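Me: Could you look over this structure with me? I'd like to go from the whole chain down to a few residues.

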Amino acid sequence: MSRKSRPSTSARVKVVTTETPPTLGVLLAGGLARRMGGGDKPMRTIGGRTILERAIARLKPQCDGLILNANGEPSRFSVFGLTVVADDVPGYPGPLAGILAALDWTAANRPGIEWVLSAAGDCPFLPRDLVARLHAARAAENAQLAVAASGEQSHPVIGLWRVALRDELRQALVVEDVRKIDRWTARFPLATVTWPVQPLDPFFNANTVEDIAEAERLAALDEHSAQ
């Protein structure tokens, strides 16, 4: 008596894959850099390359387009070939204004994109899986937003934002005078993704002149670990 053949295990298992939705990236470079004596922090050089150049190289391959949020004369960033979008909320109210500007720009210019990824323009070592991991966590937790963390520290300026929430964000920023990002994100289901800090913290940012020296050391370490 012959046996009926049974489907192989691989034939019986349904593989489910999650695609990363189209996501526009924005690098926030609108800060005043007071602790560095003014000027554009992302234009400081480490390891022969500007911090902004390094941030662009990390983020651009992960996104469906990349823009720069900065105030003042946009031509100073022309060498990078990115669209520069300024805050439309006066008084330099902080990174939420840059995120809002990016959401509004995306709605007007890239209407097919529902998500914006923001990152600080002074972070030269952004993780290469930033967009994918934030989206995966957001989808798994059915969250409205997602932000990054490393070690014990949250980095709310580095996160995923739904374009459809831009009216709520404008209301909070302009009418309610909300300035801190975590006050805004607390209103929505939020996913947090943590990255390790070894061999280096991928969200290290250069806030002071002393940080530039440390960034030089980390840049050499980063290039060695990538080999």
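Me: How many of the contacts between residues at least 6 apart in sequence join residues at least 24 apart?
Reply: In this predicted model, 70% of the contacts between residues at least 6 apart in sequence join residues at least 24 apart, a contact being heavy atoms within 4.5 Å. Local features need pLDDT of at least 70 and side-chain atom pairs pLDDT 80 or more, while totals for chains, interfaces and linings use all residues; residues are numbered from 1 along each chain as its sequence is written, and side-chain values use heavy atoms, without hydrogens and water.

Me: And what share of the chain counts as buried?
Reply: Of its 227 residues, 45% are buried, that is, under 20% relative accessible area with a 1.4 Å probe, counting protein chains only.

Me: Which residues touch the most other members of the largest nonpolar core?
Reply: Those are Leu27, Leu126 and Leu130, in a core of 32 residues, where a nonpolar core is a set of buried Ala, Val, Leu, Ile, Met, Phe, Trp, Tyr and Cys residues joined through side-chain atoms within 4.5 Å. Apart from this core lies another, of 26 residues, including Leu24, Leu169, Ala172 and Ile181.

Me: What does Leu27 touch?
Reply: Leaving aside residues up to four places away in sequence, its contacts include Leu52, Ile56, Leu66, Ala119 and Leu126.

Me: Switching topic, is Asp122 buried or exposed?
Reply: Asp122 is buried, at a relative accessible area of 5%.

Me: What does Asp122 touch, then?
Reply: Beyond residues up to four places away in sequence, Asp122 touches Lys41, Pro42, Ile51, Phe204, Asn205, Ala206 and Asn207.

Technical notes. Buried < 20%, exposed > 50% of the residue type's maximum accessible area, 1.4 Å probe, protein only.
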